[in-house]
Amino acid sequence: MNRLAEHPTSRLEPLKWSTRYETGVPALDAQHRRLFEIVEEVGARARGADGRQGDAFEAIFDRLADYAQFHFDYEEELQAEAGLPEGERRVHAETHRAFIREMQSLWVRRADFEHAGEALYRFLAVWLIDHVLGDDLGSAEELRRAAVPTPPADDAA
Ligand SMILES: [Fe+2]
Ligand SMILES: [Fe+2]
């Protein structure tokens with residue numbers, strides 16, 4: 001599924017949450033909103049004076065990687081509890097792993113970009129929008145059908 005055309009992230013436009021990203025699973029929506037906020041922090045910094053310098057993003061990138069991992073674990077656990085088919089869960093989880101790998105690979109190459117902030121932000125925002133609208137909305141429909149009670153989102157991360 002390719003929704004690149006509707007991404008609002010060309011030329012570093014702000015990433016904004018909207019109801020169309022809602023899965024209807026409250027804990028997932030809360031976590032996705034948080035991910036949007038952290039990615040938009042990357043965007044805000046990318047638009048700032050030191051936005052070209054990859055090293056300026058170290059702390060925020062660490063925080064994002066931690067929170068993304070927390071969220072992926074939570075989401076995958078929910079899918080397992082709801083009894084979603086194993087093959088489907090494996091493919092979804094691999095998408096999560098690939099994102100973390102790609103983040104790390106971009107980070108390693110941060111000095112190669114003319115505008116590191118833009119490269120990082122665009123990758124993150126495009127991936128997040130695409131993943132939530134595609135994979136997450138799709139599997140959330142099955143989660144809602146299974147009606148598994150969801151524990152509250154953990155905001156500690
Ligand atoms: Fe996901
Ligand atoms: Fe998700």
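Read along the sequence, this chain runs α-α-α-α. That is four helices and zero strands, taken as DSSP runs numbered from the N terminus (helices H or I, at least four residues; strands E, at least two). The model is predicted: local features need pLDDT of at least 70, side-chain atom pairs count only at pLDDT 80 or more, and totals for chains, interfaces and linings use all residues. Residues are numbered from 1 along each chain as its sequence is written, with chains lettered from A and ligands numbered from 1 in the order written.

Let's look at α2. It has 24 residues and reaches 35 Å from first C-alpha to last. The expected figure is 34 Å, that is, 1.5 Å times one less than the number of residues.

Which residues of α2 are buried? Phe 61, Leu 64, Ala 68, His 71, Glu 75, Leu 78 and Gln 79. Buried means 20 or more other C-beta atoms within 10 Å of a residue's own, with C-beta atoms placed from the backbone. These residues pack against α1 (26-46), α3 and α4 (116-146). Across the chain, buried residues make up 23% of the 157.

Now the partner, α3. The axes of α2 (58-81) and α3 (86-108) come within 10 Å and cross at roughly 175°. The two are therefore roughly antiparallel, the term for angles over 145 degrees. The contact (C-beta atoms within 7 Å, placed from the backbone) includes Phe 61, Ala 65 and Phe 72 of α2, and His 92, Ile 100 and Trp 107 of α3.

Last stop: just after α2, Gly 83 takes a positive phi of about 75°.

Technical notes:
Axes fitted to C-alpha atoms, helices over the stretch in contact; angles between N-to-C directions. Parallel < 35°, antiparallel > 145°, perpendicular 65-115°, else oblique. Contact = placed C-beta atoms within 7 Å. Buried ≥ 20, exposed ≤ 12 C-beta atoms within 10 Å, placed from the backbone.
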